[in-house]
Amino acid sequence: MTDRPLKVLIAKPGLDGHDRGAKVLARGLRDEGFEVVYTGLRQTPEMIVTAALQEDVDVVGMSILSGAHMTLVPRVCEQLRARGMGDVLVTLGGIIPDDDIEPLRAAGVAGVFGPGTTIREVADFMRARATPREA
Amino acid sequence: MTEPVGTPAERAAALAAAARAGDRRALARLLTAVENHTAVAEQALRVLYPLAGGAHLVGITGPPGAGKSTLVAALIAELRAAGRTVAVVAVDPSSPITGGALLGDRVRMQSYASDDGVFIRSMASRGHAGGLAATSTSAAAVFDASGFDIVLLETVGTGQSEVEVAAAADTTVVLEAPEMGDEVQAIKAGLLEVADIVVVNKGDRPGAQRTAAQLRAMLAPPGEAGRGSGPAARRPEVLVTTAMSGEGVPALLAALDRHRARGSGEATPAARRARAAAQVRGVLVERLWARLAAPGLAGATDAALEAVARHDTDPYAAADALLAALGREETR
Ligand SMILES: Nc1nc2c(ncn2[C@@H]2O[C@H](COP(=O)(O)OP(=O)(O)OP(=O)(O)O)[C@@H](O)[C@H]2O)c(=O)[nH]1
Ligand SMILES: [Mg+2]
């Protein structure tokens, strides 16, 4: 089956206490035809990477509002590589200062999405850039 | 894990060996292959199926929001405290229109990120033409052969194929939340029929004990309750749990173990064959569809579906015509 849906993990790392945005994204991506694993609030990098590994996702999409992205996101990318999942597409949504974008890209984040981004844009990006792997 | 190369059989052998040696990434890749029904999956299952059979496969089903995932999380805690390893397959429905799915059961099963004795996998039902039971029991076989002691299969108890998933397990738990009204209505007869154990969850809510009592009364008439018939038929136990606090969960685990210990000795041959039939039927339907979609017959299949869509012919005649076409293909 080559036209199987892309599988995406939507994760909310850090301590900020509401996940309305992440849930809206998760539902929106489902409506775009993705299989979306949603993991809830307060995820540590280790929890995110374990979930990504067990679920064998094509994409890890993180959403952070707390400002902790510079510590949490590179750790996720690092651990993904360490566990043999360097080919998983990583995206980040939230309020990310321009100065942080280059270092995040260097750490392995393929796409950074600011507040005005539509779900369609996120979906199109994931479809264009993720490489679904055949086992 | 290094990405295996070679023929499907070679890749399958490498992945299967790695998964059995404890490589979680290889295990995850195998599960993907099983979900996608690839050649690798078929080869791997050929190796792994005979090695499976040691794990206790437990189906957990019930209406949306009854607390299935919360109960699975509570069972994981109980099992880990006893040093037993546990795998979870949590199935959620795919949208028939977009093919998308929201897999949210993990939310309730956090806190095991650094525990190699727990592996949780979400799966979309993908509208497999009757093959969902085959897919999820194949996934369970992969876990089983990889050394997990118990596999918990969560599915929503709405829709025939979802119920079939739970019914194909060694032990089937049907979960219910307390009813606020006078009648226990939410449990459809079909759901109760597959139950080995009935659990009324949300025991902290008013009405839980009363719902349990009603269910016991419903299931009481001797001789006709339970799966199968004859002297071996046994009516399902009815338990009350509060998954959120863990209350009643040790008793549930004890009931699961008891059911397992009675085991296949007590399942009638007819019940065992019915489970096997559910597994094979799904694969069979899927294989038939694949052959109808293959180049030789795709045109005829399309034409037949078109004709039914236009009401030029009826589904029965179309199916018979396609079966006849398959037969002709065979003898060529
Ligand atoms: N009061 C009470 N609430 C509970 C209990 N167990 C679960 N819940 C709540 O019931 C809601 C649904 O729980 P889930 O575990 O997600 O239920 P589910 O059956 O897995 O739901 P679906 O997978 O969506 O069908 C959540 O808000 C839980 O917190 C319980 O024992 N008592
Ligand atoms: Mg659930």
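Author: Gladly. Donors are N, O and S atoms within 2.8 Å of the metal (3.2 Å for Na, K and Ca), and water is not among the atoms, so sites may look incomplete. This is a predicted model, where local features need pLDDT of at least 70, side-chain atom pairs count only at pLDDT 80 or more, and totals for chains, interfaces and linings use all residues. Residues are numbered from 1 along each chain, chains are lettered from A and ligands numbered from 1 in the order written, and side-chain values use heavy atoms, without hydrogens and water.

Reader: Which protein donors does the magnesium ion (ligand 2) have?

Author: Ser69(B) (OG), Asp105(B) (OD) and Glu154(B) (OE) lie 2.1 to 2.2 Å from the ion. Their spacing along the chain is S-x35-D-x48-E.

Reader: Are Asp105(B) and Glu154(B) buried or exposed?

Author: Buried means under 20% relative accessible area, exposed over 50%, partly exposed in between (1.4 Å probe, protein chains only). Asp105(B) counts as buried because its relative accessibility is 10%, and Glu154(B), at 3%, counts as buried too.

Reader: How do I read two packed helices?

Author: They are described by the angle between their axes and the distance between the axes. Axes are lines fitted to C-alpha atoms, for helices over the stretch in contact, with angles from 0 to 180 degrees between N-to-C directions. Helices are DSSP runs (H or I, at least four residues), numbered from the N terminus. In chain B, the axes of H1 (residues 8–20) and H2 (residues 24–36) come within 7 Å and cross at roughly 130 degrees.

Methods:
Helix = DSSP H or I, 4+ residues; strand = E, 2+ residues; numbered from the N terminus.
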